[in-house]
Amino acid sequence: MPDACKLAAGNWKMNGTRADLDEARALANAFPEPGCGVLLCPPATLIAAMAEAVAGSAVMVGGQDCHAATAGAHTGDISAQMLADAGARHVILGHSERRADHGETSADVAAKARAAHQAGLVAIICVGETEAERDAGQTLDVVLGQLGASLPEGATAANTVIAYEPVWAIGTGRTPTLDQIAEVHDALRAAVPDTAISLLYGGSVKPANATEIFAIANVDGALVGGASLKAVDFGAIITALATA
Ligand code: PGA
């Protein structure tokens, strides 16, 4: 059985202008052979420029969302084909901020993932419980329920990555205990259709906690928000993953 690939994925969210491409260039220069996958997902306005800025390096570029349709009358939306055309290799789907801010359901996420796969993109499908759901003892039910409903048919390690992101840990500086992360990741590993699918942890990952999180069985990397904006911080996380 092949091992899952290690991946350090950065989610810039709604942050960054062209001046910040220097951070991507710095990463590309610092990690000619990173020892793990390195991905930056900037806002859509920067995808093409970032792909150009890091061309020929080990740094990959991705989107943060796509529409389920290929083209058409969907003002403000972006298709998976457009992301691929701009130089993206991956797309984050079903992030809790999209599920909360845009009412995305797991069925929507599955439809978007199908579109991503058709466009040749790797779909990074996000799942995670709210604090109330954790307090109510529903974490595994919620996470596995989202997984089952968000994963399209035909998901394999070649086209799909799963990110476990507890909603209450995102941007808060709070993280689950290592045992809590392990419990969810073990359950995800048992539930995914291809055991080589990479399982990322996300939520307040930073240089100071990356090493202990990457030592957990079935954690194959991280989806990093705030700490991915600066090459020095994200670089420390990449080093921690490469040496885990
Ligand atoms: P954070 O965000 O690292 O800033 O907590 C993680 C995410 O939302 O992907």
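**Pockets and the ligand site**

By class, the residues lining the largest pocket split into eight nonpolar, seven polar and six charged. This is a predicted model, and the volume of that largest pocket comes out at about 530 Å³. Its lining counts 21 residues, with Lys13, Gln64, Asp65, Arg98 and His102 closest to the centre. Two elements, α2 (44–53) and α4 (96–101), each put two or more residues into this lining. The top contributor is α4, which supplies three.

The ligand turns up elsewhere: the space it takes is the second largest pocket. Here the volume is about 250 Å³. The second largest pocket has 19 lining residues, and Gly171, Ser204, Gly225, Gly226 and Ala227 sit nearest its centre. Sorted by class, that lining holds seven nonpolar, nine polar and three charged residues.

Now to the ligand itself. It is surrounded by 13 residues, the closest being Lys13, His95, Glu165, Gly171 and Ser204. Lys13 brings a polar side-chain atom to 2.7 Å from a ligand oxygen atom. Lys13 also belongs to the residues closest to the centre of the largest pocket. Taken on its own, the ligand has 280 Å² of accessible area, and the protein covers 94% of that.

Definitions and conventions:
Residues are numbered from 1 along each chain as its sequence is written. This is a predicted model: local features need pLDDT of at least 70, side-chain atom pairs count only at pLDDT 80 or more; totals for chains, interfaces and linings use all residues. Side-chain values use heavy atoms; hydrogens and water are left out. A residue is near a molecule or strand if one of its heavy atoms lies within 4 Å of it. A polar contact is a pair of N or O atoms within 3.5 Å; within protein, one must be able to donate a hydrogen and the other to accept it, and residues adjacent in sequence count only if both atoms are side-chain atoms. Accessible areas come from the Shrake-Rupley method with a 1.4 Å probe; for residues, only the protein chains shown count as cover. On a 1 Å grid over the protein atoms alone, a cavity is a set of points where a 1.4 Å probe fits but cannot get out, and a pocket is an open set with protein on both sides within 12 Å along at least five of seven lines; lining residues have an atom within 4 Å of a point. A molecule sits in a cavity or pocket if more than half of its atoms lie within 2 Å of its grid points. Grid points are joined across faces, edges and corners, and a volume is the space filled by probe spheres set on the points. Helices (H or I, at least four residues) and strands (E, at least two) are DSSP runs, numbered from the N terminus. Ala, Val, Leu, Ile, Met, Phe, Trp, Tyr, Cys and Pro count as nonpolar, Asp, Glu, Lys and Arg as charged, and the others, Gly among them, as polar.
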